[in-house]
Amino acid sequence: MAGILSLVQAAIVFGTVILFGAIGEILTEKSGSLNLGVPGIMYIGGIAGLAGAYLYESSVSAPEPLLCFLIALFCTLIASCLAGLLYSFLTISLRANQNVTGLTLTIFGSGIANLFGGAMNKMAGGVGQISVSTTSAAYRTTLPFFRGISVLSSLGVLVYVAVILAIVMTWFLNRTRAGLNLRAVGENPATADAAGIKVTKLKYIATCTGAAITGLGGLYYVLDYIKGTWANDGGIEKLGWLAVALVIFARWKPVHAIWGSYLFGVLFWLYFYIPGLDRSSQELFKMLPYIVTIAVLVISSMRRSRENRPPAHLGLPYFREER
Amino acid sequence: MNSKLKEPFVRITKREDTPLLKAWGIRLFSLLLALITCAGIIYLIVKLNPLKVYVAMWEGAFGTSKRSWITARDTMMLLCIGVGLAPAFKMRFWNIGAEGQILAGGLATAACMIYFGSSMPTWALLIVSFAASCIAGAVWGFVPAAFKARFDTNETLFTLMMNYVAIQLTSFFITKWENPIGSNTVGIINQSTKAGWLPSFLGQQYMLNVIIVMTLTIAVYIYLRWSKHGYEIAVVGESERTAKYIGINVKKVIIRTVALSGGLCGVAGFLAVSGASHTISTNTAGGRGFTAIIVAWLAKFNPLVMFFVSLLLAFLQKGAVEIASRYDLNDYASQMITGIILFFILGSEFFINYKLIFRGKKEVN
């Protein structure tokens with residue numbers, strides 16, 4: 001029983017990282033942009049939050065937890081939004097290819113984050129490991145009314161933020177005028193344009209907001225998942241691609257992404273809780289999340305139902321002049 | 001017309017035919033801008049004369065003949081993957097699974113070297129591992145292609161997931177082949193006998209890498225440009241409906257082309273294991289599968305351009321490693337610089353394909 005509880009907890013912590021990534025990417029993809037820069041944006045968001053917290057914590061003698069929290073959050077949102085802006089400018093205004101731009105953003109983000117992360121580890125001296133304990137503690141504080149409930153007692157605030165964000169996003173996409181307009185842009189931008197929707201503006205806003213949400217995944221990873229440290233081990237990149245996979249798994253519905261992300265977490269950590277596995281079969285078990293994603297991809301393409309399809313104009317450029 | 005309606009500040013029109021010279025001028029100009037930007041950023045970080053930094057990069061990549069050969073080897077590796085991806089991309093099949101296909105090829109090569117290392121003569125072992133790597137890569141490409149052809153499954157995400165399946169498979173075999181036990185690495189395979197290592201040729205260790213990749217590049221160029229298969233790929237890429245209408249078996253073309261693409265990436269895995277590192281790890285592909293996508297795309301599948309873009313990226317990588325070790329940074333500086341340069345080149349394509357017309361100016365032809 002204790003094993004199952006700790007698996008659930010590990011799964012929720014893991015799932016929250018990719019849930020943020022998936023919510024952000026769903027918003028982006030609903031506007032018709034297939035942003036493959038998710039890992040890069042997560043990297044940028046994570047390093048920006050860490051750097052902000054580090055600069056603040058090392059400049060004052062007694063850091064205020066609330067201020068730590070806000071500074072890290074602010075830095076992450078701004079930095080990842082800028083990354084989204086760069087992607088939008090290249091793909092929407094300069095009409096560069098979306099896939100190539102996204103991959104470049106991933107290379108760039110991982111480079112810049114690991115460069116500065118490594119530099120900060122060196123600057124921190126001592127054991128060669130940066131640590132922002134106050135900020136990390138602030139992010140790992142659980143909500144007061146959940147204290148003492150077994151699994152929930154050690155989950156940080158952002159876990160709940162992610163769930164709420166997913167629900168709000170579903171409401172926004174399906175129940176508001178702006179959400180309807182956004183979906184119209186993703187399905188058929190030419191029609192949306194003719195109906196008077198400002199296609200370019202909406203795409204910019206959706207991509208930048210989506211990137212900001214994706215960046216929160218990186219923040220959560222750095223400050224909660226690995227407890228306010230930095231490691232150049234490519235951990236974020238792997239999770240970033242899983243977030244892209246989760247978008248498909250959830251069939252572009254943020255609410256499905258909630259349980260999907262926790263399921264991915266269970267699949268990812270399962271090897272750790274199955275007794276009697278030797279190291280080599282553990283490695284095979286770690287394939288599970290990817291195999292399941294492939295299976296979902298194949299099954300949903302076989303069923304061809306209109307509900308489960310990606311936005312019709314996903315990944316394609318829209319130029320008004322070329323109609 | 002409503003006369004109150006203002007003319008927009010800037011309009012965008014498509015250029016029909018940009019002269020080749022002008023197009024390359026724009027590209028070179030953007031490269032120059034990118035290098036200046038990078039120099040500025042490097043200056044901000046290390047506070048060193050950027051020119052000195054570029055000189056250091058040059059020395060890192062071409063300073064000695066050994067370094068030049070390593071740069072050449074890495075250029076060939078990127079070129080091989082880029083050439084492998086070209087057929088799939090020409091068909092508008094977004095194969096972003098090169099990473100996995102390289103690993104599959106590398107795994108096959110490592111397996112041959114480990115299991116047949118003592119029982120086969122070198123030439124036979126090399127041929128067997130070359131073929132095995134090619135087949136392994138082709139299988140890794142075939143699976144997503146078959147589903148794409150049959151069910152129209154999204155290939156971008158399928159191939160992406162196949163990368164991680166390959167990575168886990170590699171981790172699995174590393175635990176099987178571990179040497180020494182407990183190190184969680186395979187170590188240098190056949191260190192004493194050098195069985196299955198690509199031999200040096202004409203006195204140069206990496207000469208064979210260059211020859212193999214150059215041969216493949218020319219072969220693929222001819223295949224795409226002048227063969228019937230190449231024509232079919234181009235038609236399917238332009239319009240599947242047209243292809244069906246003129247009697248091309250689209251499913252067959254998709255599967256055949258992507259298997260070929262995966263096979264060529266598998267050969268890159270062979271080169272990485274047998275021709276360079278003589279070991280296998282989850283980093284054997286090391287992100288080059290993704291970088292090569294950009295190589296293939298930017299070069300528009302022109303092999304000569306692909307060569308120069310690969311050379312540029314290999315130079316940047318080697319150069320950044322050099323400045324990293326000299327100025328106490330880490331190697332990731334190269335990824336950042338690569339990213340910046342690619343952003344500029346991607347952006348420059350706009351100015352080649354479109355022109356801006358500002359308010360009040362008459363359109364000049």
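Visitor: Which residues are buried in helix H7 (residues 177-187) of chain A?

Guide: Some ground rules come with this predicted model: local features need pLDDT of at least 70, side-chain atom pairs count only at pLDDT 80 or more, and totals for chains, interfaces and linings use all residues. Residues are numbered from 1 along each chain as its sequence is written, while chains are lettered from A and ligands numbered from 1 in the order in which they are written. A residue is buried if 20 or more other C-beta atoms lie within 10 Å of its own, exposed if 12 or fewer, and partly exposed in between, with C-beta atoms placed from the backbone. In H7(A), that picks out A:Leu182, A:Ala184, A:Val185 and A:Gly186. These buried residues pack against helices H1 (2-30), H6 (157-175), H8 (189-194) and H9 (199-225) of chain A.

Visitor: How many residues of strand S1 (residues 10-14) of chain B are buried?

Guide: Helices (H or I, at least four residues) and strands (E, at least two) are DSSP runs, numbered from the N terminus. Of the five residues of S1(B), zero are buried, so the strand lies largely in the open.

Visitor: Which elements of chain B touch chain A?

Guide: Contact means C-beta atoms, placed from the backbone, within 7 Å. By that rule, 41 residues of chain B meet 38 of chain A. Elements giving two or more residues to chain B's side include S1 and helix H5 (122-151) of chain B. The most come from H13(B), with 13 residues.

Conventions:
Two residues are in contact if their C-beta atoms, placed from the backbone, lie within 7 Å.
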